[in-house]
Amino acid sequence: MDTRRFYDEMAPYYDLIFEDWNASMSRQGDAIRALIEGELGVPAGSPGARRVLDAACGIGTQTLALAARGFQVTGRDLAPGAVARLTREAAARRLTVDAGVADMRSVAATVSGPFDAVIAFDNSIPHLVADPDIVRALGELRRVLRPEGVFLCSVRDYDLVERGVPSIHPYGERVRGDETFRVRQEWTWDDPMHYRIALVIERQGGSGPGGEVRITTRYYAAPVARLLELMSEAGFVDCRRLDGAFYQPVLVGRRPK
């Protein structure tokens with residue numbers, strides 16, 4: 001299952017998973033800024049601790065929001081189509097972002113560190129479907145942090161998911177210009193630890209033909225406790241879970257002194 005292809009094909013539609021993408025970016029930007037400043041002990045709104053790597057930037061939901069809040073943001077993603085859209089979105093908003101293509105398992109060679117914070121939100125880490133790949137990626141992310149820099153990622157809480165049972169997760173109806181879309185996820189399980197999602201986008205209206213787009217990817221349903229163990233294995237310290245700060249649980253780790 002090709003994660004790169006999934007996000008390349010999804011890039012024109014990614015904003016449709018949000019009822020209001022701009023409003024969601026604003027909320028997420030405020031939440032992540034508070035997390036970074038709180039974890040690094042930086043006074044709110046101060047100019048310190050501003051260098052951030054978004055290692056799974058996609059089309060820019062978190063990257064653009066942080067850049068708009070004065071952070072110096074480097075964005076990397078394995079999908080060229082997603083990075084191209086991020087670049088266009090940044091230019092349209094007159095924001096400066098260092099955007100480029102890189103797999104997080106080899107991202108260190110593509111960036112100029114060190115960073116005060118590294119982030120990977122929206123359940124991006126579980127796209128790596130085996131523990132050794134996750135440890136390799138986390139090791140790369142730890143390498144580019146400054147001493148005592150902070151790593152933050154958000155993940156789905158798979159302890160709350162009924163494993164092995166096919167399911168449908170609708171986003172609802174979305175309107176963009178004169179087009180209407182219905183968006184949903186369809187989940188099927190390969191085994192108790194791995195599942196596939198099909199993102200289904202039904203398009204109606206507009207000047208062109210309607211129809212259905214179906215794009216598929218695979219996830220590793222690793223429990224939060226296991227991910228925290230893998231973070232420790234990769235060399236992070238003070239690894240822990242935060243609830244209530246974001247729409248998903250946030251995992252926190254720190255590079256040692």
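Aspartate 30 is partly exposed at 36% relative accessibility (buried means under 20% relative accessible area, exposed over 50% and partly exposed in between, with a 1.4 Å probe and protein chains only). The model is predicted, so local features need pLDDT of at least 70 and side-chain atom pairs count only at pLDDT 80 or more, while totals for chains, interfaces and linings use all residues. Residues are numbered from 1 along each chain as its sequence is written, and side-chain values use heavy atoms, leaving out hydrogens and water.

**Salt bridges**

- The whole structure contains 28 salt bridges, each defined as a side-chain nitrogen of Lys or Arg within 4 Å of a carboxyl oxygen of Asp or Glu.
- Aspartate 30 pairs with arginine 33 in a salt bridge of 3.4 Å, N to O.
- These two residues lie 3 residues apart in helix H2 (residues 21-40), about one helical turn; helices (H or I, at least four residues) and strands (E, at least two) are DSSP runs numbered from the N terminus.
- Arginine 240 and glutamate 39 form a salt bridge with their closest N and O atoms 2.5 Å apart.
- This pair links distant parts of the chain, with arginine 240 in strand S10 (residues 237-242) and glutamate 39 in helix H2, 201 residues apart.
- Arginine 240 is partly exposed at 25%, whereas glutamate 39 is buried at 15% relative accessibility.

**Cysteines**

- The whole structure has 0 disulfides, a disulfide being a pair of cysteine sulfur atoms within 2.5 Å.
- For cysteine 57, the nearest cysteine sulfur is that of cysteine 153, 16 Å away.
- Cysteine 57 is buried at 3% relative accessibility, and cysteine 153 is buried at 2%.
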